[in-house]
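How do the helices of this protein pack, and where does the fold leave open space? Please look through the structure below before reading on.

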Amino acid sequence: MEDIIKNLPKQAKDKHKENKTFFAKLKKKPPKQLDYIMQELHEEEFQRTNCLECANCCKTTGPLFTDKDVDRIAKHFRMKPSKFIDEFLRVDEDNDYVLQSVPCTFLGADNYCSIYEVRPKACREYPHTDRKKFQQISNLTLKNVAICPAAFNIVEEMKKRIKL
């Protein structure tokens, strides 16, 4: 897995132009069955992929924290939301709450998340490859293929299955 993660940014860069063109066409004319196809590709890939072997998303990027996430996680820690924010989060250039630093504070050496049951919505949904109206998040997906081996594989399979 280490080799795959190490080579992923270069592979994603090599495929970037091809992927960008594919997603531009997908956005213009998404197939009727796109949500169904993406659900299927997502499920197939995650039957083969064990996120605990990788955790690259947690090691290299931080999720956005919604107000609901902040409230839920603060409650989990039995702290006031403002104290949770002060201790773990900062406001980024888009005015969103994000982690103060990466790798994620809540990621253990064993790649397990210490707040898994109450983790942010962005973490629960990552890499967003089973999202409805998938074509609307092409910019996010282009970034995720450089971080998540599963997202990379899903996009590669998607290009084989969906002829545009």
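The paragraphs that follow take up helix packing and then pockets.

The model shown here is predicted. Two packed helices are described by the angle between their axes and the distance between the axes.

On the H1 side, the contact includes Ile4, Ile5, Leu8, Phe22, Phe23 and Leu26, along with Lys15 and Glu18. On the H8 side, Pro149, Phe152, Val155, Glu156, Met158 and Lys159 take part. Sorted by class, the residues of this contact comprise 11 nonpolar, two polar and four charged.

Helix H2, residues 34-48, also packs with H8, at an angle of about 135° and with the axes 10 Å apart. H2 is therefore oblique to H8. Here the crossing is right-handed. From H2 come Leu34, Met38, Glu40, Leu41, His42, Glu44, Glu45 and Phe46, and they meet Ala150, Asn153, Ile154, Glu157, Met158 and Arg161 of H8. This contact divides into seven nonpolar, two polar and five charged residues.

The next topic is empty space. Rolling a probe the size of a water molecule over the atoms shows where empty space is left. The largest pocket holds about 1,200 Å³ of space. Its lining has 43 residues, and Cys57, Ala122, Cys123, Arg124 and Tyr126 lie nearest the centre. Which elements each supply at least two residues of this lining? They are H2, helix H3 (56-60), strand E1 (64-65), helix H6 (121-125), helix H7 (138-144) and H8. H6 gives the most, with four residues. By class, the lining of the largest pocket has 29 nonpolar, nine polar and five charged residues.

The second largest pocket has a volume of about 240 Å³. Among the residues that line this second pocket are Gly62, Leu64, Arg90, Asp92, Glu93, Asp94 and Asp96. Val98, Leu99, Gln100, Ser101 and Val102 line the second largest pocket as well. Four of the residues in its lining are nonpolar, three are polar and five are charged.

Note on methods. Residues numbered from 1 in each chain as written. Predicted model: local features only at pLDDT ≥ 70, side-chain atom pairs only at ≥ 80, totals over all residues. Heavy atoms only, no water. Axes fitted to C-alpha atoms, helices over the stretch in contact; angles between N-to-C directions. Parallel < 35°, antiparallel > 145°, perpendicular 65-115°, else oblique. Left-handed = near helix turned anticlockwise from the far one by under 90°. Contact = heavy atoms within 4.5 Å. Nonpolar A, V, L, I, M, F, W, Y, C, P; charged D, E, K, R; others polar. 1 Å grid on protein atoms, 1.4 Å probe; cavity = no way out; pocket = protein on both sides within 12 Å on 5 of 7 lines; lining within 4 Å. Points joined across faces, edges and corners; volume = space filled by probe spheres on them.
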